[in-house]
Amino acid sequence: MSQVTFSPPYAQLGGLAQQLQSAGHAVVRPQDVAAWAGVELAGLQALGAGWNDLPPDEFLKDGGRYRRRRHASFVAEPGAVGEPFALHALHAVPHRAHWQPLEYNALHGGMERWFAPMEETVLAAPAWQRLMAALAGLAQSALASTPERWFMEAHQFRIDTAGGIGRPTPEGAHRDGVDLVAVFLVAREGVKGGETRIFEASGPFGQRFTLTEPWSVLLLDDARMIHETTPIQPLAEGGWRDTLVVTCRRGGFQQAAS
């Protein structure tokens with residue numbers, strides 16, 4: 001049986017903050033992501049090489065070996081009055097554990113997960129810096145009424161099908177306990193599946209589609225939307241799917257109570 005896929009409901013770049021406010025989500029095509037970040041699309045595509053050396057995720061409680069990842073954390077400070085977040089306002093923090101409460105991640109919550117740090121070649125790239133600044137600026141304009149410090153976490157993921165199936169969201173449909181979630185498709189090769197599903201947390205709305213264009217992105221108001229991605233299976237030996245997940249949260253990073 002052939003697999004039915006649904007195209008992403010791409011939003012117009014103009015009014016992106018307004019769409020996020022009204023609908024709780026937006027999907028942006030690659031060319032518009034590049035324009036929004038103020039970079040050439042080729043600059044974003046060049047970041048993809050940084051996904052070729054991700055170490056295994058050692059914390060998968062389902063016993064799987066299908067996920068590789070790296071992690072980094074940042075703080076974005078408000079820019080000057082009347083200006084978006086400036087590049088100098090974004091700074092990395094010392095490498096730290098990723099932590100989520102069980103309320104948001106019933107499978108992997110409640111424990112410190114020390115993932116390998118992201119490589120400096122990615123973090124220092126101008127396209128990376130501009131993309132992170134654009135995300136902080138969107139969080140500010142769409143989700144806050146006063147200037148905020150945004151605590152950002154970035155996760156590089158590669159889900160492979162060496163074991164026959166790979167699970168992008170083994171925890172199932174979930175929220176992340178943050179303000180803004182951005183899920184970028186970096187690349188996919190030789191796989192089927194990987195359908196994105198989003199649902200209103202307090203309403204009947206639901207939508208499904210498959211991200212296939214490198215550097216397209218799903219943006220979510222995490223307080224309002226639940227999301228998941230269905231498993232992938234190989235169409236060819238060695239098939240995989242690469243994503244970048246970035247979260248923005250005001251008030252501090254999620255961390256275990258001391």
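Let me begin with a definition: Ala, Val, Leu, Ile, Met, Phe, Trp, Tyr, Cys and Pro count as nonpolar, Asp, Glu, Lys and Arg as charged, and the others, Gly among them, as polar. Please keep these classes in mind for the cavity.

The model before you is predicted, so local features need pLDDT of at least 70 and side-chain atom pairs count only at pLDDT 80 or more, while totals for chains, interfaces and linings use all residues. Residues are numbered from 1 along each chain as its sequence is written, and side-chain values use heavy atoms, with hydrogens and water left out.

I turn to the sheets. Helices (H or I, at least four residues) and strands (E, at least two) are DSSP runs, numbered from the N terminus, and two strands pair if DSSP finds at least two bridges between them. Seven strands form an open, antiparallel sheet, in the order β1-β9-β5-β12-β4-β2-β3. Its edge strands, β1 (25-28) and β3 (90-92), each pair on one side only. Within this sheet, β5 (residues 180-189) and β9 (residues 217-221) are joined antiparallel by five bridges, and L180 has D221 in β9 as its bridge partner.

Two helices accompany these strands. Contact means heavy atoms within 4.5 Å; axes are lines fitted to C-alpha atoms, for helices over the stretch in contact, and angles run from 0 to 180 degrees between N-to-C directions. Helix α1 (residues 16-23) lies across β1, β5 and β9, at about 140° to β1. Helix α5 (residues 126-143) packs on the sheet and touches β2, β3, β4, β5, β9 and β12, its direction making about 50° with that of β12.

A further open sheet has three antiparallel strands in the order β8-β7-β10. Because β8 (206-209) and β10 stand at the edges with a single partner strand each, one side of each is left without a neighbour in the sheet. Five bridges join β7 (residues 196-200) to β10, where H227 stands opposite I198.

Finally, the cavity. On a 1 Å grid over the protein atoms alone, a cavity is a set of points where a 1.4 Å probe fits but cannot get out, and lining residues have an atom within 4 Å of a point. Of its 34 lining residues, F157, E171, H174, D176 and V245 are the closest to the centre. By class, the lining has eleven nonpolar, 14 polar and nine charged residues.

Notes: On a 1 Å grid over the protein atoms alone, a cavity is a set of points where a 1.4 Å probe fits but cannot get out, and a pocket is an open set with protein on both sides within 12 Å along at least five of seven lines; lining residues have an atom within 4 Å of a point.
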